[in-house]
Amino acid sequence: MKILLCTDGSSYTARALDLGVRVARKAASAVDILVVAKRDREEKARQMAEKAAADLETAGIPVAIHRRSGQMTEEVVLQAQAASYDLVIIGGRERRGVMRLLLGSPALRVTEHVPASVLVVKGQARDLKQVLVCSSGGPTSERTVRFAGRLARALGASVILLHVMSQLPLTKSAVLDDLEASAEELIRRGSPEGVHLGRMLDLLATEGRTGHAVIRRGLVRDEILAESREGQYDLIVIGAHITPGLNARLVEDLSAAILLTANRPVLVVR
Amino acid sequence: MRRRQGKRLNWRKPGLALSGFLLFTLALGLMKGGAGGLTPLLRNHLEVTNAADSMGFGWLMAYLVLSGSPVAAAAVALLSASVLSYLQAFTMIAGSRLGACLVVLLIGCIYILRGHEHWTALTAGILSLLLTGSIQLAALPMGLLILGRGWLDGLSIPALEGLAAGINWGLEPLIGPLAAFLPGWALFVAGVGLVTLSFRLFDRALPQMRLERTDLGQIPRLVYRPEVMFLMGLAITLLTMSVSISVGILVPLSARGYMRRENIIPYILGANISTLADTLIAAALLGDPRAVTVVVTHIVCAAIISLLLILLAYRPYERAISNALAWIARRRNNFALFLGVIFVIPVVLILL
């Protein structure tokens, strides 16, 4: 797995670089470190990048340091588009309120434009021991679960597969049993959700990781965030929002919503 | 042979729609003509003398006829006959909207009584009530302010009024003898019955909509943007003139009969606005600018509140509704308490 780490010398990117090095030591075959620093932080950024590179080289991982000048977000996108990465790990200060409304979210801009999976480091950034993989049942689920499985195996992390059922019955002919069943019951019963979860668990197994499935009921976004808090997960994994054509304007971008509101690292799989 | 059958089907629906419209107009004429006879019953026996009373009355009437539209039409007819005041007609329409939600809830209750003991069967009905209740609660003070200040006074729909005058002239030979023969209250009740029948004819005249072939066919599975579902609820209910039919159009999209709550909440918010289109037509056909003003005020208030929620506070609102739904459905006692409240409130309103 080829990984891109980034720093601008700030404390926010320092945390991302630190977690990135810990991930890369276990999961990377090669690492690029991108340094995008303004003059006042140039020395600090250089030191951080060299320390990270030394750590990785000690672990036998080849490292290349790239220097760019300009806006961090734009340069990360350009670097990721210029080379081929499996994973880009970023951190950085997130805008809030009106500023986010006016200027947008830097992390969101990276996840939207980078042609690779992006791990956005937020919150405490502990070792990634427990991973929550969100599975919608859509076309991106398979790729998301495979990637999460591969990463979890490398990190030795446990995996929980989450599916949120927010459906309500509209008619008396509605299949109510499926709305109240646990994940195990759904799998045993062979309901559409059960078949999907079973297939995703099999995929995890083929990636060398066993996990178990959890069903929650309620609003999708709220339930993912609630499960991540209650289960004290170290990482939330979610598929990138890819719905070309008219659907992109009709459908909610849940990965963006989770990315902006979660208080822990989020991996958006592409 | 096949071509001839297709032609007959094409003419059947416009025929049903035209019959429904004529019946609707006749029913309005009967209600307006008979409304005066209801005055002693409403004022002396039921004591419907203020805005709270009329809200409770509209609410209970909608429970009784299992639909909000005939009651809302009755409210504008009563206003047109000066049996109700401006404000009373407004609150009676609000009550009719709240009462109409019981229909969905009742279907759920019947399902449970038939042995399918799942609280989930009731969630669509509870959700309808929570959404309508929250919007009406916010729209009431706004509507009373608009009506009190007279900001929307003097509205009319000249095209429909002209049509109404022509139709009324045509129906007069039928209504006149009936009015001479039947007491006022009987005329009014016959009007309510005919208006309910006319809505059934409209329902049968509706064209078949096939959303499953469009980009919206994945509504049961995907989470759509609230603005999209809001506009969709608004548009489809405008065509069907009924929230329950409008929601019913979504059902064939899911083989399993359910939808994501993220999609259905904004859909019902949009539907709650355009469901008053038939009442607006009724008000215009009565040829009374006061009736038009009351209905337009209702539509404007519901639209403003819903749009503010969708654009500015949708997430907290969606979460609050979803949490309330979860609490009500958590235990039988909670549900019983909720049922008690929705039956007690209209009675308390009438007693005020």
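Into which domains is chain A divided? Chain A splits into domain 1 (2–120) and domain 2 (130–269), with bounds from an automatic or database domain assignment.

This is a predicted model: local features need pLDDT of at least 70, side-chain atom pairs count only at pLDDT 80 or more, and totals for chains, interfaces and linings use all residues. Residues are numbered from 1 along each chain as its sequence is written, chains are lettered from A and ligands numbered from 1 in the order in which they are written, and side-chain values use heavy atoms, with hydrogens and water left out.

**View 1. The contact between domain 1 and domain 2 of chain A.** The C-alpha centres of domain 1 of chain A and domain 2 of chain A are 27 Å apart. Domain 1 of chain A puts 16 residues into the contact, and domain 2 of chain A puts in 13. Contact here means heavy atoms within 4.5 Å. About 1200 Å² is buried between domain 1 and domain 2 of chain A, with 72% from carbon and sulfur atoms. Buried area is the accessible area (1.4 Å probe) that two parts lose on being put together, summed over both.

**View 2. Polar links and elements at the domain interface of chain A.** Between domain 1 and domain 2 of chain A, 2 residue pairs are in polar contact (both at pLDDT 80 or more). A polar contact is a pair of N or O atoms within 3.5 Å; within protein, one must be able to donate a hydrogen and the other to accept it, and residues adjacent in sequence count only if both atoms are side-chain atoms. On the domain 1 side, helix H1 (11–27), helix H5 (106–113) and strand E5 (117–120) of chain A give two or more residues. Helices (H or I, at least four residues) and strands (E, at least two) are DSSP runs, numbered from the N terminus. The domain 1 side divides into 9 nonpolar, 3 polar and 4 charged residues. Ala, Val, Leu, Ile, Met, Phe, Trp, Tyr, Cys and Pro count as nonpolar, Asp, Glu, Lys and Arg as charged, and the others, Gly among them, as polar. Salt bridges between the two domains of chain A number 0.

**View 3. The interface of chain B and chain A.** Here 35 residues of chain B are in contact with 36 residues of chain A. The buried area is about 3300 Å², and carbon and sulfur atoms give 55% of this. The rule finds 11 residue pairs in polar contact across the interface of chain B and chain A (both at pLDDT 80 or more). Elements of chain B that each supply at least two residues include helix H7 (123–149) and helix H10 (226–240). H15(B) gives the largest share of the chain B side, 5 residues. The side of chain B that touches chain A holds 18 nonpolar, 6 polar and 11 charged residues.

**View 4. Salt bridges.** The structure holds 20 salt bridges over all chains. A salt bridge is a side-chain nitrogen of Lys or Arg within 4 Å of a carboxyl oxygen of Asp or Glu. Chain B and chain A share 2 salt bridges. Arg319(B) bridges to Asp222(A), with the closest N and O atoms 2.7 Å apart. Lys51(A) and Asp55(A) also form a salt bridge (3.8 Å, N to O). Both Lys51(A) and Asp55(A) lie in helix H2 (residues 42–58) of chain A, 4 residues apart, about one turn of the helix.
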